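Please look over the chain shown below before reading on. The notes after it are arranged by topic, from the overall fold to individual side-chain pairs.

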Amino acid sequence: MFLLERFQHNQSIIFIALDQDSVAVGFTQLYPAFSSVSVARIFILNDLFVVPAARRQGIASLLLRVAADFGRAVGAVRLTLSTAITNESAQSLYESEGWNRDNSFYVYHLPL
């Protein structure tokens, strides 16, 4: 229900990777946001997932590129994501696709 509401209110964009049999093998999801400092649109890439059997085939890279192409097409100035400090394989993927690690800021969360 949560995701359906996001789609109905244009609060989320999702890209789905299909295999040759039209079976979903991965997806990425973007949430629109705005940067008051940049005075521009940004997107938060909140999810990137590829089914284990389809990993190491370039699907995650393709999804990242599609998300970036979409962001550029709609005039966004950046995509932002976060990943676990221990998730070195994801970090390697992001960096190979041109993403830059932020070494200037810490991220904090306030549980509600």
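What follows is a short briefing on the fold, the sheet, the core and the charged pairs of this chain.

The model is a predicted one. Its chain contains three helices and four strands, and from the N terminus on these elements follow one another as α-β-β-β-α-β-α. The four strands form an open sheet of mixed pairing, and helix α2 lies across β1, β2, β3 and β4.

**Overall dimensions and surface**

- The C-alpha trace of the chain spans about 45 × 35 × 35 Å along its principal axes.
- Of the 112 residues in the chain, 30% count as buried, and the accessible surface comes to about 8,400 Å², with 56% of that area belonging to carbon and sulfur atoms.
- Among contacts in the chain with a separation of 6 or more, 41% are accounted for by residues 24 or more positions apart.

**The sheet and the helix across it**

- In general, the strands of a sheet pair through backbone hydrogen bonds, in either a parallel or an antiparallel sense.
- In this model the strand order is β1-β2-β3-β4; the edge positions are taken by β1 (13-18) and β4 (78-80), each of which pairs on one side only, and the twist from one strand to the next averages 30°.
- Strands β1 and β2 pair in the antiparallel sense over six bridges, and within this pairing Phe15 has Thr28 of β2 as its bridge partner.
- Strand β2 (residues 24-35) also pairs with strand β3 (residues 40-50), again in the antiparallel sense and over 10 bridges; here the bridge partner of Phe34 is Arg41 in β3.
- Helix α2, which covers residues 59-73, runs at about 165° to β3.

**Positive phi values in the loops**

- In the hairpin of β1 and β2, where five residues lie between the strands, Ser22 takes a positive phi near 65°.
- Val39, a residue other than glycine, has a positive phi near 50°; Val39 is located in the loop between β2 and β3, and with a relative accessibility of 72% it counts as exposed.
- Arg56, likewise a residue other than glycine, has a positive phi near 65°; Arg56 belongs to the loop between β3 and α2, and its relative accessible area of 85% makes it exposed.

**The nonpolar core**

- In soluble globular proteins, nonpolar side chains tend to be buried together.
- The largest nonpolar core in this model has 21 residues, and those with the most contacts inside it are Leu30, Ile59 and Leu79.
- At least two residues of this core come from each of β1, β2, β3, α2 and α3 (88-96), and α2 gives the most, with six residues.
- When residues up to four places away in sequence are not counted, Leu79 touches Leu30, Phe43, Ala67, Ala68 and Trp99.

**Salt bridges**

- Side chains of opposite charge can pair when their charged atoms come close, and the structure holds three salt bridges.
- Arg65 forms a salt bridge with Glu97, with the closest N and O atoms 2.9 Å apart; because Arg65 lies in helix α2 and Glu97 in the segment after α3, the pair ties together parts that are 32 residues apart in sequence.
- Both members of that pair are partly exposed, Arg65 with a relative accessible area of 45% and Glu97 with one of 22%.
- A salt bridge also joins the side chains of Arg72 and Asp69, at 3.1 Å from N to O; both residues lie in helix α2, three residues apart, which is about one turn of the helix.
- In the Arg72 and Asp69 pair, Arg72 is exposed at a relative accessible area of 61%, while Asp69 is partly exposed at 48%.
- The side chains of Glu95 and Arg101 meet in a salt bridge as well, at 3.1 Å from N to O, and Glu95 counts as partly exposed at 42% relative accessibility.

Methods
Residues numbered from 1 in each chain as written. Predicted model: local features only at pLDDT ≥ 70, side-chain atom pairs only at ≥ 80, totals over all residues. Heavy atoms only, no water. Pairing = 2+ DSSP bridges. Axes fitted to C-alpha atoms, helices over the stretch in contact; angles between N-to-C directions. Contact = heavy atoms within 4.5 Å. Buried < 20%, exposed > 50% of the residue type's maximum accessible area, 1.4 Å probe, protein only. Core = buried A, V, L, I, M, F, W, Y, C linked by side-chain atoms within 4.5 Å. Areas by Shrake-Rupley, 256 points an atom, 1.4 Å probe, with all protein chains shown as cover. Salt bridge = Lys/Arg side-chain N within 4 Å of Asp/Glu carboxyl O.
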